[in-house]
Amino acid sequence: RRNSYGAITLSGAPGPYNLVIEHNTLYMTPSPSGGTQSGLRLKYAGTGVNIRNNIIYVTGGAYAVDADKNAAFTQLNGNDYFNANGTLKIRWSGTTYNTLDTWRSATGREVNGSVATGLSVNPGLVAPGGGGTLGSGYKLHDLTQYQLISTSPLIDQAVDVINNFKGYTPSTVDYFDHAPVGARRDVGAAEFV
């Protein structure tokens, strides 16, 4: 959270290109030392950057997305943008939007063709923020606090990447090594099983 980074940050001119970031669960809280925290911090992004089917869960004054004008090529589809205890904030090229619909209308983000994608709902996670400090990369699969509960509105709601994004082959397992279950994949890092 230092230096106003996001949970995921794209930076460095001219920025990455032909990049897919999908099926992650991001959790970001404001830093006690200040700065501008965000789920996604997009400083630079070239063509072919696709960010889809992620949960972007923030709290307080953190931005769900904070994108500079140099990230204007970024495509976002099927993500869930949620602020647990505050107003949703999405900053795009210097303008802040407080709802998914106003951001979508103004920027054309979270649209696949003429179909609106993305949600702004409580994702229904087991215990967001309760992961603690793991102290080892070998314990990452212990982060069950970020799995979906049975009533999550994100179950079977992922954008169909096989039919809508030609030439792309998605992963066959989720973060916890579970195969997809149901008609469509779930949004976020974990399939509900």
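These are my notebook entries on what I looked up in this predicted model.

**Ground rules.** I number residues from 1 along each chain as its sequence is written, and my side-chain values use heavy atoms, with hydrogens and water left out. As the model is predicted, local features need pLDDT of at least 70 and side-chain atom pairs count only at pLDDT 80 or more, while totals for chains, interfaces and linings use all residues.

**Aromatic rings.** I searched the whole structure and found six aromatic pairs. Rings of Phe, Tyr and Trp (its six-membered ring) pair if their centres lie within 6.5 Å; planes under 30 degrees apart are stacked, over 60 edge-to-face, and the rest tilted. Y81 and W103 make an edge-to-face pair, 5.4 Å centre to centre with 80° between the planes. This pair links distant parts of the chain, with Y81 in strand 9 (residues 80-83) and W103 in helix 1 (residues 100-107), 22 residues apart. Helices (H or I, at least four residues) and strands (E, at least two) are DSSP runs, numbered from the N terminus. I also noted that Y27, Y57, F82 and Y146 form one aromatic cluster.

**Buried or exposed?** I checked Y81 and W103, and both are buried. Buried means under 20% relative accessible area, exposed over 50%, and partly exposed in between (1.4 Å probe, protein chains only).

**T107.** I found T107 in helix 1 too. T107 counts as buried because its relative accessible area is 18%. Its side chain reaches the backbone oxygen of W103 at 2.7 Å. That is a polar contact (a pair of N or O atoms within 3.5 Å; within protein, one must be able to donate a hydrogen and the other to accept it, and residues adjacent in sequence count only if both atoms are side-chain atoms).

**Charges over Y63.** What sits over the ring of Y63? I found the charged end of K89 there, 4.2 Å from the ring centre. R91 also lies over the face of Y63, at 4.4 Å from the ring centre. The test asks for NZ of Lys or CZ of Arg within 6 Å of the ring centre and within 35 degrees of the ring normal.

I spotted a cis peptide bond between A13 and P14, with omega about 0°. P14 is in the loop between strand 1 (6-10) and strand 2 (19-22). E110, which is not glycine, has a positive phi near 60°, and E110 is in the loop between helix 1 and strand 12 (111-112). E110 counts as buried because its relative accessible area is 0%.
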